[in-house]
Every structure is written in C-alpha cells, then in structure tokens.
Amino acid sequence: GIPAAEFEDGWAVTYDVFAVSLGGITAAGETLSGDTAVDLVKAGPHALGSADAAAGAIQPVAYHIAPVGSSTTNLNVDTAVFDAMQTNGYSVWVVGSATKDGSTVTFAWGFTGTYDYHECHATGSVTDGGTGLTQLTIHGDHLFYESLVDSDAGLRFQAFADADADANGEVTMAELQAVSGTAFQAMDNYDVPADSGIDNLWDYLAAQVATVGHIDGEGHCHMH
C-alpha cells in the first residue's frame, strides 16, 4: 500500500490486487520469457525467465505490459482475477481502497493498454562463469501522480474520491470518465499537457498506468 504520509492530501491507498501481464523480456541480447501474469501484492520477487548470456553488462533490457491472452502463463494471480483479465483483455488490473478521516472508497480498475519499455537502464551484469540479475520494477504509486510530465510529482487521491457521484463508496471507470471537459480542466494541482488529448479523469489515470514500468528499482526505461 501507499501510506497517507506519501499523499499531498492525506489519503492512504491499499492494494488488494495489483496484477500485471509482463512479457517480451530481452536482456543482453537474449529473449527470457513469454507473457506471464503476476499479482504484485503477493510476496516476491518472482522469477520470470532466464537465458545464457556472455559475461558483461545485462543491458540493453526491454519488456512490455500487454493484455492477458491465451498463451499467457499465470504465475500467482487468483484464478477468478486471471480469468477476468483474459476475458476483458486487461493488461493491468488493480483492486483496492483508499481511506482518510474515517472515510473509505474502493476501486476495481482494469486497463487494456499495451506498454512497451525499451533501453531500460539496468544496473546488473553477468559474471564470467556466474550469473547476473535484473529486476522489472512496477511503480504502483504512479497511478496517483498529479502530473503527467514531472517524475517528482506528488500523489493525490481527493479527485478520485470526489468522482464517486452516487456516493456508494466505489469509484468506477464510468464515474471517472464523467469528470470531463471543463470539470476536468478546472481541477487544481493536475498537470496535463495541452496537446495530450486527455480530457477526463479516466484517460488521465490510464496515461499514468503507462508510466509504471521501471527497471532495478528506480531505473528508467524509454516507453512507447
């Protein structure tokens, strides 16, 4: 989860499910694996693949997040969640809740995008006659960044809580889509480039999901 101290507006987020479908992994010129669905809430790290490689730097590293398909291996995702991801073509599925001052709102959001990460700045190397390791790191806090362009942006949840139009304690995709046009443009603290084409809170969230992929902790990748 993400504690309240990390948010600019005092909310705290807990993930019950953070499932991603990772694949297309290449390192040191070798292909490591096909697509594998992993629930990152469950204790890791999780081995995704291996290959023989020459001694030296593991770079370049590349991978993707892509919708669960018929050939995706389920590493540790609950069967019902994995089946739902496959049925709906989700590449990322998050379920959780946010709390503040005794109030709680829940969410269950699925994303269908394909995100390619390449030229990742891996720090590891393969030793002569030994092994090397690189870690694909998924940053779950990026969903709540208040900027699409500032990698040091703060985290905010209040806009998502306010989107719960029927006040039933669950924030849905439809409710986030409804925060659009002038209502979206008038939100304080949100940094959205004018040429981004993003005009509602759901599309903003989906754009942030695209940025979750990193390497070896805080290492960056190029993304398209």
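Predicted model: local features only at pLDDT ≥ 70, side-chain atom pairs only at ≥ 80, totals over all residues.
Residues are numbered from 1 along each chain as its sequence is written, and side-chain values use heavy atoms, with hydrogens and water left out.

Let me begin with the chain as a whole. Its secondary structure comes to 5 helices and 14 strands, where helices (H or I, at least four residues) and strands (E, at least two) are DSSP runs numbered from the N terminus. The C-alpha trace spans about 60 × 35 × 30 Å along its principal axes. For 224 residues, a compact globule would have a radius of gyration near 17 Å, and the 18 Å of this chain agrees with that; the radius is taken over C-alpha atoms, and the globule rule is 2.2 Å times the number of residues to the power 0.38.

How much of the chain is buried? Of the 224 residues, 46% count as buried, a word that here means under 20% relative accessible area, with exposed meaning over 50% and partly exposed in between, for a 1.4 Å probe and protein chains only. The accessible surface comes to about 10600 Å², and carbon and sulfur atoms hold 48% of it; these areas come from the Shrake-Rupley method with a 1.4 Å probe, and for residues only the protein chains shown count as cover.

Now to the strands, where two strands are said to pair if DSSP finds at least two bridges between them. Strand S1 (residues 12–27) pairs with strand S7 (residues 92–100) in the antiparallel sense over 8 bridges, and within that pairing Ala 12 stands opposite Thr 99. S7 in turn is joined by 9 bridges to strand S8 (residues 103–111), again running antiparallel, with Ser 97 having Thr 106 as its bridge partner in S8. S7 and S8 form a hairpin with 2 residues between them, and Asp 101 in the turn has a positive phi of about 50°. Asp 101 is exposed, with a relative accessible area of 74%.

S5 and S9 are also antiparallel, with 4 bridges between them, and Tyr 63 has Tyr 117 as its bridge partner in S9.

Next, the interior. In soluble globular proteins, nonpolar side chains tend to be buried together. A nonpolar core here is a set of buried Ala, Val, Leu, Ile, Met, Phe, Trp, Tyr and Cys residues joined through side-chain atoms within 4.5 Å. Which residues of the largest core touch the most other members? Among its 53 residues, they are Trp 109, Phe 144 and Phe 157. The largest share of this core, 7 residues, comes from S1. Leaving aside neighbours within four places in sequence, Phe 157 is in contact (heavy atoms within 4.5 Å) with residues including Phe 7, Trp 11, Val 13, Trp 109 and Phe 144. Apart from this core lies another, of 10 residues, among them Val 77, Met 85, Tyr 90 and Trp 93.

I turn now to the disulfide, which is a covalent bond between the sulfur atoms of two cysteines. The rule used is a pair of cysteine sulfur atoms within 2.5 Å, and by it the count comes to 1. Cys 120 and Cys 221 form this link, with their sulfur atoms 2.1 Å apart. The pair links distant parts of the chain, 101 residues apart, since Cys 120 is in strand S9 (residues 115–120) and Cys 221 is in the loop between strand S13 (213–215) and strand S14 (222–223). Cys 120 and Cys 221 are both buried, and their link is right-handed, with 110° about the S-S bond.

Finally, some backbone details. The peptide bond from Gly 44 to Pro 45 is cis, with omega near 0°, and Pro 45 has its place in the loop between strand S3 (36–39) and S4. Another cis peptide bond joins Gln 59 and Pro 60, with omega about -5°, in which Pro 60 belongs to the loop between S4 and S5. Ala 28 has a positive phi near 50° although the residue is not glycine, and Ala 28 is partly exposed, with a relative accessible area of 24%.
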